[in-house]
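Biologist: I have a model open on my screen and would like to walk through it with you. Could you help me read it, one question at a time?

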Amino acid sequence: MNKLIPRIDWLTVLLYFLLVFIGWLNIYAATISDESTGIFNMSQPYGKQLLFIILSSILIVLILALEVKFYERFSNIFYLLGIISLLGLFLFGKNVNGATSWYAIGGITIQPAEFVKTTTALLIAKHLSNIQTNLNKFKDQFASFLIIALPALLIALQPDPGSALVFTAFLFPLHREGLSPLYILIGFIFIVLFVATLIFGPALVSFSAAIILFIFYSFRKRAEKKVPVFPLFIALIVAIGFSFSVQFIYDNVFEQRHRDRFSLWLRLEKDPEKLDQIRKTIGYNTYQSETTIGSGGFTGKGYLEGTRTKGHFVPEQHTDYIFSTVGEEWGFIGSIVVIILFTVLLLRLIFLAERQKTSFGRVFGYSITAILFVHFTVNIGMVIGLLPTIGIPLPFFSYGGSALWGFTILLFIFLKVDANRLNEWK
């Protein structure tokens, strides 16, 4: 352990504790009341979060004490345990806000999805670091997608589409290891088709797709480049078929609360009375969050001086909407500082991933970077109204033991791997 200490990337450790500390300060601001008796009050979220932080520190010591090979060697078992924990929710899980995503153990709730991200990252890293794995081969691509899709599907069935969405982050390490960018492009196209169909309807979207493909065909032919007509025809048929199936998926796969969030985000509801009703129900949190952030102005109202935060205008502000507290009390300047800290952390993790001497370390590093990036981008986009309400926490900031421990495990396993990289090279 003494030999490990100088090799730990202390900049990343500093950023971690800085973000955790700032997060706790905002949880305290969002949940303090006149009846509060002290920071260790376990009846309040800020007291519980402080306990979670202390336990995270113990967890860090345990993670760093274990050998790196332990994580790689037993990644299959960790993944299997993660899948079992997700399956167990359908029998023993606690339903909260319509989703059976938690185990209730005494007075504590545990969300397995936060830990399964780590187990999936470990197995993906082990799978891709296998010398026989080649992402140019279909069987290896299929195996990779299956590892990612299985936990994502089980989480989506809880239903928790927000947490399931995070697993798309694994496309980035796959791309870094040689997966064709065509897969990411196809995924992006399907998202665009889905959203465009909801807004403009399948007929107009299908006609537009045909025009775009025709222009592409004409441009390639004019440039005297070979144009495969059959694949373009198949792409058009798939696009049209998907576009005409969007409404069925929207009506039968998504729950009403999810449809309402899309309706509010994309302004699909034309009836002013229904739209106003949606704003007062599903869109209430986002509206209050935007207003709260806007009220902070450039410099903020001052720590513990946020009138809207004190008035609890944003429901459950200490969880997914914690960034609204930053916006009101710390203002634009404070919000930018927080965003910069996250950006520096992500860039640092990319740097660490690139300097790994093994494929396992590199893939795992890119996996956690991508996971943190998706959480960070989607959460803040949701809080300021740029993205629909999805319900995933802001890393190291949002209240919750499962999220904090899950992100801590991810980060410090990688820091252990990075500290051991010179031994791996030998």
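Modeller: Happy to, and let us begin with Thr-292. Leaving aside neighbours within four places in sequence, Thr-292 is in contact (heavy atoms within 4.5 Å) with Arg-308, Thr-309, Val-314, Gln-317, Ser-324 and Glu-328. A word on the source: this is a predicted model, in which local features need pLDDT of at least 70 and side-chain atom pairs count only at pLDDT 80 or more, while totals for chains, interfaces and linings use all residues. Residues are numbered from 1 along each chain as its sequence is written, and side-chain values use heavy atoms, with hydrogens and water left out.

Biologist: In which helix is Thr-292 found?

Modeller: Helices here are DSSP runs of H or I with at least four residues, strands are runs of E with at least two, and both are numbered from the N terminus. The run that holds Thr-292 covers residues 284-295, and that is helix 14.

Biologist: Does Thr-292 count as buried or exposed?

Modeller: Buried means under 20% relative accessible area, exposed over 50%, and partly exposed in between, using a 1.4 Å probe and protein chains only. Thr-292 has 0% relative accessibility, so Thr-292 counts as buried.

Biologist: Which residue has its backbone oxygen 2.7 Å from a polar atom of the Thr-292 side chain?

Modeller: A polar contact is a pair of N or O atoms within 3.5 Å; within protein, one must be able to donate a hydrogen and the other to accept it, and residues adjacent in sequence count only if both atoms are side-chain atoms. For the side chain of Thr-292, the backbone oxygen at 2.7 Å belongs to Gln-288.

Biologist: Does Glu-316 count as buried or exposed?

Modeller: Glu-316 also lies in the loop between helix 15 and helix 16, and has a positive phi of about 50°. Its relative accessibility is 52%, so Glu-316 counts as exposed.

Biologist: Is the peptide bond from Gln-158 to Pro-159 cis or trans?

Modeller: Pro-159 sits in the loop between helix 6 (138-156) and helix 7 (161-165). Most peptide bonds are trans. From Gln-158 to Pro-159, omega is near -5°, and the bond is cis.

Biologist: Which side chain makes a polar contact of 3.4 Å with that of Asp-140?

Modeller: Asp-140 is found in helix 6 and is buried, with a relative accessible area of 6%. Apart from neighbours within four places in sequence, Asp-140 is in contact with His-127, Gln-132, Thr-133, Asn-134 and Leu-135. The side chain at 3.4 Å is that of Lys-139.

Biologist: What is the radius of gyration of the protein?

Modeller: The secondary structure comes to 19 helices and 3 strands. Taken over C-alpha atoms, the radius is set against a globule rule of 2.2 Å times the number of residues to the power 0.38. That rule gives 22 Å for 426 residues, so the protein is as compact as a globular protein of that length, with a radius of gyration of 23 Å.
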